[in-house]
Amino acid sequence: MTERVEDLIEQLGSWRAGDVADQSPRERVLAELSTQGPHVVPVLIKRLRALVTASAQHRDQVSRVPAADESADESAGLKQGIIEALHRIGDQQAGPVLTASLADPACRWAAARALKDVRDDDAVGPLLDTLARAQPSGSLIWDIADTLRSYPVPRAVIERRLQAEKSQQGQQNLNGLLAVLAHEGDAAVADGLHAALSPHTDVRLKSVEELAGSGRGGEEGETREALTLLALDKAPPVSLRAVQALGEPTPQELVREAIGLAARAERPARDLQLISRARHFVRSHPSGIPAVLAALEGAPELPAAEVHIVLELLSPLNADLTPEHPIRLLRALHGLAARPDYEIRHRSLAVLRGGDLLFTLMAQDAPVSAEARTIFDSFAEPSDIARFERFTHARPKQPGMGPTWQQRLNLFRRR
């Protein structure tokens, strides 16, 4: 699994070649990385940190040689691809390495955009420095300022940085940020939702108490949205208090509400956190998978955007995820894979291929194995067959995996 992830990461470096429409090599690699599960995040972080460090050392060496010409950054595409992958996954542990990447000229733009959604409490100072150094280039200056607007940055902090800035362009950029904040009002930058997104438990607990005290948890709007996010918090004191403020919804109702909010894609930072927290809830709470299964089995009436969110919650599809009625989950996904919507069909098959649930059921000596094999046969390609063969060889010998299974593998090979 780690070798596959590392291979995918290296492919991010060549995403520019053949980058056309929505079926570019880059998009396919990013889509596959997003289905690999949370274990890819530390691998991505480690690789990006090593690349950024190496680039910084190279720039330092070049600066020490007066006549040296700084060569093009050959790792620029790879670094930008890794940042995009971390941005799409949305795991908050990537915040520090994204902040560190702001110092790398090849990464500033991508890292600044990512930090709007992947939060880091230490990002404000580096973001202000990045804004001050930015030269007009497309939407670069606006994107950095837009990310800063999403953080609760006191005006006094920006003004102090402005006083220290010597360049005319830097002063212009920082004054532009101050002008935008003056027009919007600081309250628009530091609303209650930002506290709900904080990586610090004490800040989130204070936020949920303030929101609960407003008495508006049962109403539609930002208060309920923030409480839904907090109800899925990993910290029990935060989640329990938020659930109370929402009127004690069932786990199924909570998951469905989170899916609906994330599918509307109104607030990127909130939506990524909703998906991340809902994913953890689904995969750790006893009622999590039944809630998703209920949503999947109602998929014909479920909007496409919500189906996409459900599929994100399920990946990777491992056997330990659903000890009860796993075949129902496979049936529901197989049904989605037969839909005319290409994106839903493609992503459903990616979930079926990911993890080990399908292979585990196929290898069992149980009535469900025949149905699992039928599902597999409907989409299996040579690479899938090879993966199944490796799975069966690595798995301890089970009843029902004698000559019949070997004959089946031989049949797959002859296709």
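# Rings, cores and helices in a predicted model

Reader: Does Phe379 count as buried or exposed?
Author: The structure is a predicted model, in which local features need pLDDT of at least 70 and side-chain atom pairs count only at pLDDT 80 or more, while totals for chains, interfaces and linings use all residues. Residues are numbered from 1 along each chain as its sequence is written, and side-chain values use heavy atoms, with hydrogens and water left out. A residue is called buried under 20% relative accessible area, exposed over 50% and partly exposed in between, using a 1.4 Å probe and protein chains only. Because its relative accessibility is 10%, Phe379 counts as buried.

Reader: How many aromatic pairs does the structure hold, and of what kind is the pair of Phe376 and Phe379?
Author: Rings of Phe, Tyr and Trp (its six-membered ring) pair if their centres lie within 6.5 Å; planes under 30 degrees apart count as stacked, over 60 as edge-to-face and the rest as tilted. By that rule the structure holds five aromatic pairs. In the pair of Phe376 and Phe379, the ring centres are 5.8 Å apart and the planes stand at 75°, so this pair is edge-to-face.

Reader: Which residues do ring pairs link into a cluster?
Author: Both Phe376 and Phe388 are buried. These two belong to a cluster linked by ring pairs, whose members are Phe359, Phe376, Phe379, Phe388 and Phe391.

Reader: Which residues have the most contacts inside the largest nonpolar core?
Author: A nonpolar core is a set of buried Ala, Val, Leu, Ile, Met, Phe, Trp, Tyr and Cys residues joined through side-chain atoms within 4.5 Å. In soluble globular proteins, nonpolar side chains tend to be buried together. The largest such core has 68 residues, and those with the most contacts inside it are Leu314, Leu317, Leu330 and Phe376.

Reader: From which domains does this core draw at least three residues each?
Author: The domain bounds used here come from an automatic or database domain assignment. With these bounds, the 68-residue core draws at least three residues from each of domain 2 (223-234 + 242-319) and domain 3 (321-394).

Reader: With which residues is Leu330 in contact, and which residues does the second core include?
Author: Contact means heavy atoms within 4.5 Å. Leaving aside neighbours within four places in sequence, Leu330 is in contact with Leu317, Leu352, Leu357, Leu358, Leu361 and Ile375. A second, separate core of 49 residues includes Leu12, Leu44, Val52 and Leu102.

Reader: With which residues is Ile89 in contact, apart from neighbours within four places in sequence?
Author: Ile89 is found in helix 4 (residues 76-89) and is partly exposed, with a relative accessible area of 24%. Its C-alpha atom is separated by 8.0 Å from that of Val41, 48 residues apart along the chain. When neighbours within four places in sequence are left aside, Ile89 is in contact with Val40, Val41 and Leu44.

Reader: Which residues of helix 14 are buried?
Author: Nine of the ten residues of helix 14 (residues 222-231) are buried, so this helix is largely enclosed by the rest of the structure. The buried residues are Thr223, Arg224, Glu225, Ala226, Leu227, Thr228, Leu229, Leu230 and Ala231.

Reader: What is the phi of Glu248?
Author: Glu248 has its place in the loop between helix 15 (236-245) and helix 16 (251-264). It counts as exposed, at 53% relative accessibility. Although Glu248 is not a glycine, its phi is positive, at about 60°.

Reader: Over the ring of which residue does the charged end of Arg119 sit?
Author: A charge sits over a ring if NZ of Lys or CZ of Arg is within 6 Å of the ring centre and within 35 degrees of the ring normal. The charged end of Arg119 is 3.9 Å from the centre of the ring it sits over, which belongs to Tyr151.

Reader: How many helices and strands does the protein have?
Author: Of the 415 residues of the protein, 47% count as buried. Residues 24 or more positions apart account for 68% of the contacts with a separation of 6 or more. As for its elements, the protein has 25 helices and zero strands.

Conventions. Helices (H or I, at least four residues) and strands (E, at least two) are DSSP runs, numbered from the N terminus.
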